[in-house]
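Welcome! Let's take a friendly walk through a protein model together, one topic at a time.

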Amino acid sequence: MWSLIASIAALVLGYLLYGRFIDRMFGPDSDKVTPAVTKQDGVDFVPMPSWKVFMIQFLNIAGTGPVFGAIMGAKFGPSSYLWIVFGCIFAGAVHDYMTGMLSVRSGGLSVPNIVGHILGKRVKRLLLVFSVLLLLLVGVVFVYSPALILGDIAGDGSRGSIMIWVCVVFIYYILATLMPVDKIIGRIYPLFAFALLFMAAGLLVCLFVKWPSIPELWDGLYNRGPSIGMNGQSIYPCLFITIACGAISGFHSTQSPIMARCMKNEKLGRPIFYGAMITEGFVALVWAAVASYFFFDGGAQEVGSSLTAAAPEVVTSVSRYWLGVTGGILAILGVVAAPITSGDTAFRSARLIIADALHIDQKKKSSRLIIAIPLFVAASIMLWYNVSDADGFNVIWRYFGWANQALATIVLWTAATYLRFKRSGLFYLTALIPAVFMTIMVVCYICMEKIGFNLPFAVSIGLGVALAVVKLLSFFFGNHRHFDIQI
């Protein structure tokens, strides 16, 4: 428990100290008029109160990542705390802040266009396809995972019941994607964000009351998975893929521009973008501690579950047992709302990215339908073929995890390049160091995993280091004539 307390304190200090440093480094200007005002259209560019923008940003980026990812990542042991803390402060929050503020400065552009201005048109085209595919994966994943919990709440976890809930969630996604941002998202997201934060706070209180004997950082950072039947996975790089949204996630770079189009003042960038990521890290830490108790200190037996329970079962059983009926329902709804509210904004973000690329104005419903219909058809096909059985869903989740971190890596290289040319000194190191680390990690993972090339670990890590060196050489000595200094 002391490791949990120290980790939460580190997150708070990270926001107060490093978050302020990052904000001053970027240099927000309160006198500049934001895109929410200059491009106001009543659909996507809509000025909203700062507290509401924060709540929406937090819920957009949360998803099931800081809950399910933290539960699965806790099986590796207390090393998960370190990744959440250092990942959040020095990588994830920097990634989210830079994406959001670059979007504000560029008139609300989506991430492929931002990357295109900085890294060139070829990278822009690649990222356009890559990000849309990632968002489709997110939409599919975040249709199925809340349907599992809703089916369990309803008392019927059968395949038929789950597919009914899948259809319900999918219909909601269609409506939320097409409606103006302040009509559905702006009204109900703050309530769901409260439910998610209530869940985390309630579980934290229960942890303090119970004070379980969970593994601490000083007990060793080795992989504890084999003791609970989890074999065949190494801490590096698997932990860094498993816990994504709770530490750093490329999906967030597709979400920050949505709120960049609703933010009324550049000075709000630190609490909205950096702060939302730190808040998500807090949720991830709480669930990592709960899962540690569940797997390593008799928690599974206490709540009437088993060590082989999947993440959704851990959520429902712990929430019901610890928080009672009312508290359990609110907590579970918070976990259900998180993926649903990330899934709908995933489709919304895909619509905006394609609209930006094709220069299609989104004021008219017909213009939105032209883009949205093919997206939902593609997602339906993907959902049908990959969620019809559990193995298919697990495979698509692993591909999503890798693609998610690969996108985060590209965005970090983009931020480092921007800072090198737009800021004097060594400020670019704030993005360059995590970019190098993430490059090695994502290459190593796809090379060694069965969903990739299934190579030996030594070969995989060597290839990761080699690519990182090539990227560094390009970063310092490459031709950057394509860089757009107007951003």
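## A residue in the interior

Let's begin with L203, which counts as buried because its relative accessibility is 0%. (Buried means under 20% relative accessible area, exposed means over 50%, and partly exposed lies in between, with a 1.4 Å probe and protein chains only.) L203 belongs to helix α9, residues 185-210. Helices here are DSSP runs of H or I with at least four residues, while strands are runs of E with at least two, and both are numbered from the N terminus. Which residues touch L203, leaving aside its neighbours within four places in sequence? They are V286, W287, V290, V318, W322 and L323, where contact means heavy atoms within 4.5 Å. As for I241, it is 38 residues from L203 along the chain, and their C-alpha atoms are separated by 25 Å.

Before we go on, a word on the model: it is predicted, so local features need pLDDT of at least 70 and side-chain atom pairs count only at pLDDT 80 or more, while totals for chains, interfaces and linings use all residues. Residues are numbered from 1 along each chain as its sequence is written, and side-chain values use heavy atoms, with hydrogens and water left out.

S80 sits in helix α5, which covers residues 79-105. Its relative accessible area is 2%, so S80 is buried. Apart from neighbours within four places in sequence, S80 is in contact with G73, A74, L239, I243 and A288.

## Aromatic rings

Now for the rings. A pair of aromatic rings is described by the distance of the centres and the angle of the planes. How many aromatic pairs does a search of the whole structure find? It finds 26. (Rings of Phe, Tyr and Trp, using the six-membered ring of Trp, pair if their centres lie within 6.5 Å; planes under 30 degrees apart are stacked, over 60 edge-to-face, and the rest tilted.)

One of these pairs is Y293 with W322, and it is tilted because the planes meet at 40°, with the ring centres 5.5 Å apart. This pair links distant parts of the chain, since Y293 is in helix α12 (residues 269-296) and W322 is in helix α14 (residues 311-358), 29 residues apart. Y293 is buried at 9% relative accessibility, and W322 is buried at 10%. Another pair, F475 with F476, is edge-to-face, with 5.0 Å between centres and 90° between planes. F475 is buried at 3%, whereas F476 is partly exposed at 32%. Elsewhere, ring pairs link Y18, F21, F86, F90 and F427 into a cluster.

## Charges over rings

Two residues place a charge over a ring. The charged end of R270 sits over the ring of Y15, at 4.4 Å from its centre. K471 lies over the face of W413, at 5.0 Å from the ring centre. (For this, NZ of Lys or CZ of Arg must be within 6 Å of the ring centre and within 35 degrees of the ring normal.)

## Salt bridges

Side chains of opposite charge can pair when their charged atoms come close. A search of the whole structure finds five salt bridges; each is a side-chain nitrogen of Lys or Arg within 4 Å of a carboxyl oxygen of Asp or Glu. In one of them, R348 pairs with D44, and the closest N and O atoms are 2.9 Å apart. R348 lies in helix α14 and D44 in the loop between α2 (35-38) and α3 (50-62), so this pair ties together parts 304 residues apart in sequence. Are R348 and D44 buried or exposed? Both are buried.

E302 and K210 form another salt bridge, with closest N and O atoms 2.8 Å apart. Because E302 lies in helix α13 (residues 299-302) and K210 in helix α9, the pair ties together parts 92 residues apart in sequence. E302 is partly exposed at 23%, and K210 is partly exposed at 36%. D356 and R261 also meet in a salt bridge, at 3.0 Å from N to O, and both residues are buried. Finally, salt bridges that share partners join D44, R348 and R351 into one network.
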